[in-house]
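Morning, everyone. Let's go through the pockets in this one, then the strands. Have the structure up, please.

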Amino acid sequence: MAGEVFVDLVRVETRLWNAVDARLRDEHGIRLGQYDLLTVIAGRPGCRVLDLVHEVAITVGAASKAVDRLVAAGLCRRVANPADGRSSFLELTPSGVRALSGARLTYEEEIARWTSGLLPSGTLEELANGLRTMRAALEAEQGP
């Protein structure tokens with residue numbers, strides 16, 4: 001049973017990711033991965049690459065490359081950390097703020113499209129609680 005749940009969870013995540021990614025790309029010119037990183041940067045003053053690593057559970061190399069692409073696209077910038085000249089903070093550019101702002105409603109609509117009304121009342125909340133518990137346990141054991 002647990003193996004089947006894992007397979008279903010992965011397949012649902014992949015298909016949901018692809019649906020949301022396609023809509024964001026078509027309507028706003030950004031990918032879901034970019035949206036995710038922009039959301040973290042926007043919500044965390046003094047955000048560093050390491051914060052993205054912990055929040056999104058990717059490697060430092062992957063986070064650095066993703067930030068390089070966001071910078072090249074004009075969506076965020078690195079700002080020198082005044083307390084440590086070897087590190088920098090990430091912040092959204094005005095273009096990044098506009099992209100994120102415009103994409104939020106689309107993101108929420110597409111997620112709602114695939115999660116609302118497909119499950120019996122209360123099931124989505126139970127699923128959310130179960131996944132939150134599993135995520136917390138994995139992060140406690142493996143790190144964020």
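Lining of the second largest pocket: six nonpolar residues, two polar and three charged. This is a predicted model, by the way. The residues are W17, R31, G33, Q34, D36, L37, V56, I58, A66, R69 and L70. Which helix gives the most here? That is α2, with four residues. Helix α4, residues 60-72, also supplies at least two, as does α2. The volume of this second largest pocket is about 180 Å³.

Now the largest pocket. Its space comes to about 1900 Å³. How many residues line it? The count is 37. Nearest its centre lie L9, E13, L16, L131 and R135. By class, the lining holds 24 nonpolar residues, five polar and eight charged.

Where does that lining come from? Five helices each supply at least two residues: α1 (2-28), α2 (32-43), α3 (49-56), α5 (94-115) and α6 (123-142). Helix α6 gives the most, at 11 residues.

Last, the strands. β1 covers residues 76-81, and β2 covers 84-92. They pair in the antiparallel sense, over six bridges. Together they form a hairpin, with two residues between them.

Terms used: Residues are numbered from 1 along each chain as its sequence is written. This is a predicted model: local features need pLDDT of at least 70, side-chain atom pairs count only at pLDDT 80 or more; totals for chains, interfaces and linings use all residues. Side-chain values use heavy atoms; hydrogens and water are left out. Two strands pair if DSSP finds at least two bridges between them. On a 1 Å grid over the protein atoms alone, a cavity is a set of points where a 1.4 Å probe fits but cannot get out, and a pocket is an open set with protein on both sides within 12 Å along at least five of seven lines; lining residues have an atom within 4 Å of a point. Grid points are joined across faces, edges and corners, and a volume is the space filled by probe spheres set on the points. Ala, Val, Leu, Ile, Met, Phe, Trp, Tyr, Cys and Pro count as nonpolar, Asp, Glu, Lys and Arg as charged, and the others, Gly among them, as polar.
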